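Subject: Structure handover

Hello,

Here is the structure I said I would pass on. My notes on it follow below.

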Amino acid sequence: MSCPSTGLITRHEISRYAYYKLLTLIPVSAALIAISRYSDAIYWPFVYIGLCLLHAGIMFTIKCPHCPYYKADGKTHQCFMFWGIPKIYKPRPG
């Protein structure tokens, strides 16, 4: 569903979320396979996963409160990047 005046999607569907997560899975799984195959230590894949989670947390903290989808009704965040995560920050303008 898109707004006729702005063209912004008013509500994301779970299928769009699944599409973007599967699209993200391709480079992440390739990186994990390469790291686990060519590194000598077992902890490097876990370091990579930790860095990915840290990046997602930073993005959720800094970018999401400014997003127009974050200001939508409901107690959970329903976006193509994060689905079902509770809104813990106040929406910020801009």
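The structure holds zero disulfides. Keep in mind that this is a predicted model. On the cysteines, Cys64 is buried, as its relative accessible area of 8% falls under the 20% cut-off. Cys52 has a relative accessibility of 30% and therefore counts as partly exposed.

Next, the helix pair. Helix H1 covers residues 14-38 and helix H2 covers residues 44-62. Their axes come within 9 Å and cross at roughly 150 degrees. An angle over 145 degrees counts as roughly antiparallel, so H1 and H2 are roughly antiparallel to each other. The crossing of the two helices is right-handed.

On the H1 side, the contact is made by Val28, Ala31, Leu32, Ile35 and Ser36. H2 contributes Trp44, Pro45, Tyr48 and Ile49. Sorted by class, the contact of H1 with H2 has eight nonpolar residues and one polar residue, with no charged residues.

The last item is Thr76, which lies in strand S1 (residues 76-78). Its relative accessible area is 34%, so Thr76 is partly exposed. Leaving aside residues up to four places away in sequence, Thr76 touches Gly84, Ile85, Pro86 and Lys87. For one of these, Pro86, the C-alpha atom is separated from that of Thr76 by 4.2 Å, with the two residues 10 apart along the chain.

Regards

Key:
Residues are numbered from 1 along each chain as its sequence is written. This is a predicted model: local features need pLDDT of at least 70, side-chain atom pairs count only at pLDDT 80 or more; totals for chains, interfaces and linings use all residues. Side-chain values use heavy atoms; hydrogens and water are left out. Axes are lines fitted to C-alpha atoms, for helices over the stretch in contact, and angles run from 0 to 180 degrees between N-to-C directions. Helices (H or I, at least four residues) and strands (E, at least two) are DSSP runs, numbered from the N terminus. Angles under 35 degrees count as roughly parallel, over 145 as roughly antiparallel, 65 to 115 as roughly perpendicular and the rest as oblique. A crossing is left-handed if the near helix is turned anticlockwise from the far one by less than a right angle, and right-handed if clockwise. Contact means heavy atoms within 4.5 Å. Ala, Val, Leu, Ile, Met, Phe, Trp, Tyr, Cys and Pro count as nonpolar, Asp, Glu, Lys and Arg as charged, and the others, Gly among them, as polar. A disulfide is a pair of cysteine sulfur atoms within 2.5 Å. Buried means under 20% relative accessible area, exposed over 50%, partly exposed in between (1.4 Å probe, protein chains only).
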